[in-house]
Amino acid sequence: MRPAKWLPVVALCLATPAIAQAPRFVAHEIATGLRGGYQVVAADVNGDGKPDLIALASNLPELVWYENPTWTRHVIASGFTGLINIAVLDLDGDHIPEIAVASGFSTRPDQSTGIIAILTHGADVTQPWTSREIDRVSATHRLRWYTDASGQHWLLNSPLAGATAQPPNYEGATPIYAYRAPEWKRETVTTEERGVVHAIEPMHAPFCDACFLAAGFAGVHRYEYVNGAWSRSAVVAGDPAPVPKGGSSDIAVGHPSTSDRNVFLATIEPWHGNQLVLYSTLTVLTEPPIRSGYTREVLDTAIVDGHALVTADLDGNRIDEIIVGQRGGTRSVWIYTRSNLDGKWHRSTLDDGGMAAASCTTADFNGDGRIDIACIGTATANLKWYENQGTPRRVSGVRR
C-alpha cells in the first residue's frame with residue numbers, strides 16, 4: 001500500500017474576492033501512471049459507507065478502484081483494450097454496485113469492437129469481479145444508468161457516431177440504445193441524432209421527473225421513457241458554427257439560486273471545445289423544455305480541449321459552482337463561482353498545470369460535510385482528490 005501524497009494548498013484567489021469566493025482546497029495525489037486517464041467515478045464499492053474512486057485509463061488493461069480512506073488500489077477486472085466508459089449502479093440491493101463497462105473503443109467506428117459487459121462482485125470485492133458480455137456496438141462511447149418514472153433501470157449505450165461514419169464530420173444517423181436486466185436485450189432509444197454524440201446525462205427534478213440529455217453535433221436533446229415509448233425533444237442547438245465545430249460536447253445541470261426549482265444548463269462547446277456556455281432559462285419543473293428563447297451566455301473561451309464538466313455546491317450556499325477540466329493548454333482545472341452580489345461568474349484555479357482532466361466527480365470523501373472533488377488526467381496520467389477546506393472567513397467585510 002502506498003500512502004497518498006500530500007500536495008501544497010491550492011488557494012483559490014478570484015479576480016474580485018469581495019464579490020465571490022470559492023472554498024480553499026488541498027490536493028492529494030492518489031495515483032500516477034494512469035496512461036490515458038479518462039474517467040473517474042465516486043461510488044461506495046465495499047459497502048462501508050465511504051465513497052471510493054473507480055479509475056478508468058484507456059491505455060491500461062485493468063479497471064481499478066481505490067479504497068477510501070487509505071486509497072489502496074484494487075483490480076476490478078483486467079484484459080481490456082480500449083477502455084472508454086463505465087456506469088455504476090446497485091441493481092440487487094446489496095449496497096455494492098454492479099458496473100457496466102465499455103471497451104474496444106476507436107474514434108473510427110469501423111475499427112471499434114464496442115464491447116459492453118456487466119461486472120459483478122463476489123464475496124470479496126477486492127478480488128477480480130465476474131464479467132458478462134451483453135452486446136457489441138461499433139464506437140460504443142458513453143454508458144449511463146437511467147431510471148424511468150416507474151422505477152425501471154435502463155443501461156444507456158451511446159456510440160460516438162454511426163457504424164459507418166467517418167471523421168471529421170461523422171455524417172449520418174447516430175443511434176442510442178438501452179438494455180434492461182436480466183435479459184440485457186438491445187432496444188433502440190433513437191436513431192435521430194446526427195454525427196458525434198459526446199455526452200448522455202440522466203436528469204431528475206427539478207429539470208424533469210426522469211429524463212436524460214444527449215449532447216453532440218445536433219445540440220442538446222431530451223429523452224424520456226413514458227407509456228412504453230421514448231420521446232425526444234430539442235433543448236438547445238449549441239454552438240451555431242458548421243460541423244464539426246458546432247453543437248455541444250459535454251453537459252451538466254446545476255442550481256443558480258437557493259430556489260430548488262431553478263436550474264441552469266452548462267455545456268462545453270463545441271466538441272472538445274474552448275467554450276464554457278451557460279443556458280439560464282431552464283427554470284420551471286412543470287413545463288417541458290422550451291425550444292427557443294434560451295439565454296446563451298459564453299462564460300469562458302480560454303479552455304483548450306475541454307472535457308471534464310461537473311456542477312456541485314462547494315461552499316454550502318445552495319448555489320452550484322461549475323468545475324471544468326481541460327486536457328490541453330495549461331492542463332488545469334477551473335472553478336466558476338456565481339456571485340450572489342452582482343450575479344456574475346468568476347473563475348478560479350483548482351489545479352494549475354498538474355491535472356489534464358478528462359473527468360471529474362464530486363463527493364464528501366472525508367466525511368466532514370463538505371463536497372470534495374476528484375479528477376483523472378489524460379496527459380498527466382494521474383488521479384487526485386481535492387479536499388474542501390471551506391470558505392475563508394469574512395474579516396472586516398472583506399473575504400481573505
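**Burial and salt bridges**

Modeller: Asp300 has a relative accessibility of 11% and counts as buried. This is a predicted model, in which local features need pLDDT of at least 70, side-chain atom pairs count only at pLDDT 80 or more, and totals for chains, interfaces and linings use all residues. Residues are numbered from 1 along each chain as its sequence is written, and side-chain values use heavy atoms, with hydrogens and water left out.

Biologist: Why is Asp300 called buried?

Modeller: Buried means under 20% relative accessible area, exposed over 50% and partly exposed in between (1.4 Å probe, protein chains only); Asp300, at 11%, is therefore buried.

Biologist: What makes Arg347 and Asp300 a salt bridge?

Modeller: The term requires a side-chain nitrogen of Lys or Arg within 4 Å of a carboxyl oxygen of Asp or Glu. The closest N and O atoms of Arg347 and Asp300 are 2.8 Å apart, so the pair qualifies. Arg347, at 36% relative accessibility, is partly exposed.

Biologist: How do you know that Glu269 and Arg296 form a salt bridge?

Modeller: Their closest N and O atoms are 2.7 Å apart. Glu269 is buried, at 0% relative accessible area, whereas Arg296 is partly exposed at 32%.

Biologist: How many salt bridges does the whole structure hold?

Modeller: The search finds 15.
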